[in-house]
Amino acid sequence: QEADLVDLVERAADAFRVTHPGHPLTVAPGPRAVPVRLDPQRIRQVLDNLLTNAAVHTPAGTPVSVAVSAAPGSARVRIADAGPGIPPADRERVFDRFYRVDKARSRDRGGSGLGLAVAQSLVRAHGGRIDLTGEPGATVFTVTLPSARDGGGRPGAGG
Ligand code: ATP
Ligand code: MG
C-alpha cells in the first residue's frame with residue numbers, strides 16, 4: 001500500500017523519544033510528505049531497528065538525527081548518530097546475521113546481531129537498499145526506497 005514516509009518517520013521519532021529519553025533526537029526539516037509504496041509496519045520496524053542501534057551502541061547522551069528526502073524515483077531516510085562509528089572493515093558484515101562489531105560489549109547490551117539483517121531484508125523486499133557510511137565519531141545509515149510515483153523502478157537506476 002502507499003504511505004507517507006514523513007509521517008512514518010515522525011511516528012518512529014515520537015516513539016524513540018519515549019523509549020530512549022537519554023538520546024536527543026532531531027528530525028531535520030524536509031518535505032511535508034513523501035508518498036512511498038510500502039508496508040508501514042515493516043518499514044516502521046526498519047526505522048525502529050536503526051534508531052535503537054543509534055541508542056544502544058553509543059554512549060548515553062549521544063545525539064541522533066533523522067532526515068527524509070525525495071529525489072526523482074526514490075525516497076530516502078538518513079539516520080545518523082554521533083557515536084563511536086563502525087570501522088570500515090566491519091561495515092559490510094554488520095548486515096550479516098549474528099554479526100556484532102564488539103562481541104563482548106554487544107553481548108552486554110543483549111543484542112543478538114539480527115537487527116540489521118532483518119532491516120536489510122525488509123528494505124530489499126520493498127525494492128530498496130540500506131547503505132552504511134560514516135567515520136570515527138559518526139555512523140550514518142541511509143534507507144533508499146523506490147517512490148510511489150516512480151512506477152516501481154529501482155532506486156539509483158538513473159533518470
Ligand atoms: P539486535 O538488533 O538483534 O538486538 P544488535 O543491535 O547487536 O542486536 P544489529 O542491529 O544487527 O545487531 O547490529 C549489528 C552490530 O553493528 C551491533 O552489534 C553493533 O556492533 C554494530 N552497530 C549497529 N549500529 C551501530 C551504531 N549506530 N553505532 C555503532 N555500532 C553499531
Ligand atoms: Mg540492533
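Author: Two residues are in contact if their C-beta atoms, placed from the backbone, lie within 7 Å. Axes are lines fitted to C-alpha atoms, for helices over the stretch in contact, and angles run from 0 to 180 degrees between N-to-C directions. Helices (H or I, at least four residues) and strands (E, at least two) are DSSP runs, numbered from the N terminus. This is a predicted model, in which local features need pLDDT of at least 70, side-chain atom pairs count only at pLDDT 80 or more, and totals for chains, interfaces and linings use all residues. Residues are numbered from 1 along each chain as its sequence is written, and chains are lettered from A and ligands numbered from 1 in the order in which they are written.

The sheet is open and mixed, with five strands in the order β2-β4-β5-β7-β6; strands pair if DSSP finds at least two bridges between them. β2 (25-27) and β6 (129-135) are the edge strands with a single partner each, so one side of each has no neighbour in the sheet. On average, neighbouring strands are turned by 15° against each other, direction ignored. Seven bridges join β6 and β7 in the antiparallel sense, and G134 has T139 of β7 as its bridge partner.

Two helices pack here. α4 touches β6 and β7, and its direction makes about 130° with that of β6. α1 lies across β2, β4 and β5 and runs at about 165° to β2. Leaving aside neighbours within four places in sequence, L5 is in contact with V34, V36, V68, A75 and V77.
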